[in-house]
Amino acid sequence: MNSLKEFTKGFLRENPTYVQVLGMCPTLAVTTSAFNGLGMGLAATSVLALSNVVISIIRKSVPKNLRIPIFITVIATFVTILDLLMHAFTYDLWKTLGLFIPLIVVNCIIMGRAEAFASKNGVWAAFLDGLGIGLGFTGSLVLLGTVRELLGNGTVFGLELWGKAFNIFVMILPPGGYMTLGLLAALFAFIGLKRKQRGEQK
Amino acid sequence: MKEYIRNGFILLIYCLAAGFALGLVYTITKERIAITELGKKFEAIEAVLKDESGKYIVSLENIRTVVSQVKDETKQIFEDGKGKVYSPVYQFNSELGPVYVLSASAIGYGGTVLVVASFVKKSDGFMLFSIRVTDYSQETPGLGAKIGEEDIQKRFYPIEPSALQNGIHVDKDANVSGLSVEEAKAKGIAKVSDVMTGATITPRAVANAINAMLSYLRSGVK
Amino acid sequence: MRVFLILFSALLVNNYVFIRFLGICPFLGVSKKMDTAVGMGFAATFVLVMSSVITWLVNRLLISMGLSFLQTVVFILVIATFVQFVEFFLKKNSPGLYEALGIYLPLITTNCIILGVALLNAQANYSLLEAVFHALGAGLGFLLALVVFAGIRERLELYDLPKPFEGLPIALILASIISMSFMGFQGLIKL
């Protein structure tokens, strides 16, 4: 039960994008289509889960004042491994995500989880935490990518929904990224407020 | 002081471990990356040597032998201010005459656009036989990135040498309207404004890259 | 001449915050007040220019040793060490400046503009001078974005907004509108 909670908290309650407002750069930059969002999300998830595990293993042998540089080294190592693997096996996605793969290193979500969770908890819990938060991040990216792709291009995951009938080009351009995320964040805040109100009435 | 040395030592051990792990993964994936890159290259070269009916004008074995013989590394060999041409330049013999396959880049909307093209040498100059836009990853999806669609790339070729006297242009720059796609090609114009509304910079980059390759070829190939 | 094109391209046309989407976290985090925005902007510009020189040299070294796949790891470590060093140096030698910029320095390591510019410099194969101007443009662009944004946000505090839009959502929508105006610089410079 407890481990299930570690896993699912990232989906909504501690959602990295909408609740914690972390990792904004890739969130906005690569979500021009749902597929790119999914690719980026899964890439970040694998780095997050693996680095959480390693950091949890070494947490007792790391001197306190060396924490940050060592964590960065661990994360950067996994990111580079991922970069090499993606270059070798998923060439097209690697090309599209481009600079944002190495930039996973400075994604505040990963450093944040290493600091706040992995360095204080056991291996299994750290793994579940990384996986859960990562999937929450992936979900946000896919949602954002879907909305932008649908409104901007009339497709979802490349499947034509209404095609060229109704397109707002600006949605796939940079301003559309900010706009969509802002409106979605407002929507989530609205749902949160409604829930709270209902709770108070009871 | 002792504390500093100890910390430095610990950090060094972690860095060495990281470096070792990366070295290992790098050695494992190196070959695979090289194969992927080469495969992409073959794909593009083969694609530009196909005519409209899908028939290769140079046999596949011939392509493989020529490509694997050329060992030059990719580097810039020519620049005309708008586009950059890269080595290696491949030369094939075909039933139409000597064919040159080369690549060039030009600046698009978000970054560089990479084009591989084939030119057939004819008595009155170079004919643009076919192109493939191989890297448009920095262009906007749904706008500039539409250049990846084959039907749109077909608007750029084939163009006879006589129409290429002043290079190739996109219809918006050529200030013409009302031409059909084929009529435009006869004038060295790629008609794209009807299929790429709102994106003029990306097709212009493709035209710039093609023009750079043309000037390179005209400057004399050995 | 080319270096000025690179400078303005990084500053306006491809503004790192509004067009390239780098450095959004500090951009949203420290833009609530004008003076923190200015402090952060200058601190980031300084670190950007200096670190781009260092990473350029390190990159040459890595390439000559055939180890360019270690780029990401080495760059981030070099940047982190450099930022630490600057903090240390300022604390000892110039307390005034440390007061003004010191608190932003730890935040800067995880600012993706710094690593992003270092990696882009390596990717585009810039010369040292071009790399410095690229970094300067990126830094000033970041400063510009922060100042414009903070100026509007300070005023926004006074308005009565619909409840769900308070805080982050309205900031993002504001960023969207500024980003749209930055799109107007598109085509200003052809590189």
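1. In this predicted model, 26 residues of chain B are in contact with 27 residues of chain A, contact meaning heavy atoms within 4.5 Å. The area buried between the two chains is about 2,400 Å², that is, the accessible area (1.4 Å probe) that two parts lose on being put together, summed over both. Carbon and sulfur atoms give 73% of that area.

2. Concerning conventions, residues are numbered from 1 along each chain as its sequence is written, and chains are lettered from A and ligands numbered from 1 in the order in which they are written. Local features need pLDDT of at least 70, side-chain atom pairs count only at pLDDT 80 or more, and totals for chains, interfaces and linings use all residues, while side-chain values use heavy atoms, with hydrogens and water left out.

3. Two salt bridges are found across the interface of chain B and chain A; the term denotes a side-chain nitrogen of Lys or Arg within 4 Å of a carboxyl oxygen of Asp or Glu. K95(A) forms a salt bridge with D135(B), with the closest N and O atoms 3.2 Å apart.

4. Helix α1 (residues 2-48) of chain B supplies the largest share of the side of chain B that touches chain A, namely 17 residues. Helices here are DSSP runs (H or I, at least four residues), numbered from the N terminus. By class, this side of chain B has 12 nonpolar, eight polar and six charged residues. Ala, Val, Leu, Ile, Met, Phe, Trp, Tyr, Cys and Pro count as nonpolar, Asp, Glu, Lys and Arg as charged, and the others, Gly among them, as polar.

5. Over all chains the count comes to seven salt bridges. In one of them, R67(A) pairs with E115(A), the closest N and O atoms being 2.8 Å apart. R67(A) lies in helix α4 (residues 67-89) of chain A and E115(A) in helix α6 (residues 108-118) of chain A, so the pair ties together parts that are 48 residues apart in sequence. R67(A) is partly exposed, at 24% relative accessible area, and E115(A) is partly exposed at 27%; buried means under 20%, exposed over 50%, and partly exposed in between (1.4 Å probe, protein chains only).

6. D129(A) and R113(A) also meet in a salt bridge (2.8 Å, N to O). This pair links distant parts of the chain, 16 residues apart, with D129(A) in helix α7 (residues 123-153) of chain A and R113(A) in helix α6 of chain A. D129(A) is buried, with a relative accessible area of 0%, and R113(A) is buried at 9%.

Definitions and conventions
Helices (H or I, at least four residues) and strands (E, at least two) are DSSP runs, numbered from the N terminus.
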